[in-house]
Amino acid sequence: MRFRENWDDMLIQDLKLCNSPKPILTSYPVGYELPNKIPSETRSSLLCARNFDSKDGMLRISGKLLASIQREPIHSLFWASGFSFSDSRVIQEVPYDPFLKFLFFGEEMSMAVRLYTNGWDFFAPRENICYHLWSRAYRPTFRQLRDVNGLERVSQRRARTLLQQEPFQTIPAVTHDAPADSKVGSSSTDSVSDSSGESNTESLGVYGLGTVRTLQQYEDMSGVHFRNRSLDAHALQGGQSPQAFNDFALSLLAKMAAQF
């Protein structure tokens with residue numbers, strides 16, 4: 001990551017401008033290239049739903065560049081792990097789930113619903129604050145490790161159960177290398193189903209959903225429907241109109257140029 005000068009002051013000021021008692025600034029930052037080819041772009045991006053993957057069932061999200069620098073942070077429907085700035089109490093209230101071994105797709109959505117149901121709200125910063133190296137060609141990734149125990153598959157099931165995409169599941173808790181004080185269950189498995197057929201996410205303990213808001217409220221807010229894996233137009237546009245994004249502005253300029 002490469003940060004702009006005074007990035008911390010800018011983000012603290014943005015937090016103060018958010019219309020929420022528990023705001024999180026989050027987005028997919030603009031990219032840069034090695035060694036230090038940093039663009040001059042300072043417009044922020046907004047997280048938008050893209051599609052549910054047909055193989056793992058996980059929602060994919062993308063970042064759309066906004067058409068202009070904003071006067072105040074924009075409400076966001078989603079959360080990104082690569083850039084998340086907030087009050088430190090979020091770590092105590094919504095700790096990372098240490099049992100999601102090898103999970104990549106699914107991490108951000110499971111964390112988003114946990115944060116939201118614990119009362120946290122998401123916002124895109126007014127400006128792009130940092131630059132991310134999106135290319136992975138220069139370094140190894142966890143994909144180069146062999147998942148001989150099928151931990152990714154287990155973690156995906158755990159995440160889908162949290163999102164109530166999979167009722168009637170019993171998810172093994174992968175206990176090795178987990179923090180000693182992790183309270184996930186009294187046995188070696190986390191039972192996450194009940195006799196009604198609904199996912200019992202309470203058995204996930206502190207790594208389950210919060211009690212301030214419900215998963216249904218998150219679905220209503222975001223336009224994402226986990227059980228039937230469908231998306232409203234609201235989700236695809238990140239809660240904004242098409243005019244809010246740079247690609248709309250570029251297409252409009254192209255149409256205007258074609259008239260001359």
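Trainee: Which backbone oxygen lies 3.2 Å from a polar atom of the side chain of Ser 76?
Mentor: In this predicted model, that oxygen belongs to Phe 78.

Trainee: Where is the place of Ser 76?
Mentor: Ser 76 sits in strand β6, which covers residues 74-76.

Trainee: Is Ser 76 buried or exposed, and why?
Mentor: Ser 76 counts as buried because its relative accessible area is 0%, and the cut-off for buried is under 20%.

Trainee: What does Ser 76 touch, leaving out residues up to four places away in sequence?
Mentor: Ser 76 is in contact with Leu 46 and Leu 47, and also with Phe 122, Phe 123 and Ala 124.

Trainee: Turning to the helix α3, how many of its residues are buried?
Mentor: Eleven of the eleven residues of α3 are buried. Among them are Glu 107, Glu 108, Arg 114 and Thr 117.

Trainee: Which elements do those buried residues pack against?
Mentor: The buried residues of α3 pack against the strands β2 (23-26), β5 and β8 (121-124). They also pack against the helices α2 (89-93), α4 (151-162) and α5 (215-222).

Trainee: Which residue with a positive phi follows α3?
Mentor: That residue is Gly 119, with a phi near 95°. In space, Gly 119 is 9.8 Å from Thr 214, C-alpha to C-alpha, although 95 residues separate the two in sequence.

Trainee: Where does Thr 214 lie, and is Thr 214 buried or partly exposed?
Mentor: Thr 214 belongs to the loop between β11 (189-191) and α5. With a relative accessible area of 42%, Thr 214 is partly exposed.

Trainee: A new topic: what volume does the largest pocket have?
Mentor: The volume of the largest pocket is about 500 Å³. Its lining consists of 20 residues, and those closest to the centre are Tyr 28, Phe 104, Glu 108, Trp 134 and Arg 136. Glu 108 is also one of the buried residues of α3.

Trainee: Which element gives the most to the lining of the largest pocket?
Mentor: Strand β5 does, with four residues. Both β5 (59-65) and α3 (107-117) supply at least two residues of that lining.

Trainee: How do the residues of the lining divide into nonpolar, polar and charged?
Mentor: The lining of the largest pocket has nine nonpolar, five polar and six charged residues.

Trainee: Now the sheet: in which order do the three strands of the open sheet stand?
Mentor: The order is β1-β9-β3, and the pairing is mixed. The edge strands are β1 (2-3) and β3 (30-31), each of which pairs on one side only.

Trainee: How many bridges join β1 to β9?
Mentor: Two bridges join β1 to β9 (residues 130-132), and these strands run antiparallel. Within this pairing, Arg 2 stands opposite Tyr 131.

Trainee: What does Met 1 touch, leaving out residues up to four places away in sequence?
Mentor: Met 1, in the segment before β1, touches Cys 130, Tyr 131 and His 132, as well as Pro 29, Tyr 32 and Gly 82. Met 1 and Gly 82 are 81 residues apart in sequence and 9.5 Å apart in space, C-alpha to C-alpha. Met 1 is partly exposed, at 34% relative accessibility.

Trainee: Finally, how many helices and strands does the protein have?
Mentor: There are seven helices and 13 strands. Of the 260 residues in the protein, 46% are buried. Among contacts between residues at least 6 apart in sequence, 73% join residues at least 24 apart.

Technical notes
Residues numbered from 1 in each chain as written. Predicted model: local features only at pLDDT ≥ 70, side-chain atom pairs only at ≥ 80, totals over all residues. Heavy atoms only, no water. 1 Å grid on protein atoms, 1.4 Å probe; cavity = no way out; pocket = protein on both sides within 12 Å on 5 of 7 lines; lining within 4 Å. Points joined across faces, edges and corners; volume = space filled by probe spheres on them. Nonpolar A, V, L, I, M, F, W, Y, C, P; charged D, E, K, R; others polar. Pairing = 2+ DSSP bridges. Buried < 20%, exposed > 50% of the residue type's maximum accessible area, 1.4 Å probe, protein only. Polar contact = N/O pair within 3.5 Å; in protein donor to acceptor, adjacent residues only side chain to side chain. Contact = heavy atoms within 4.5 Å.
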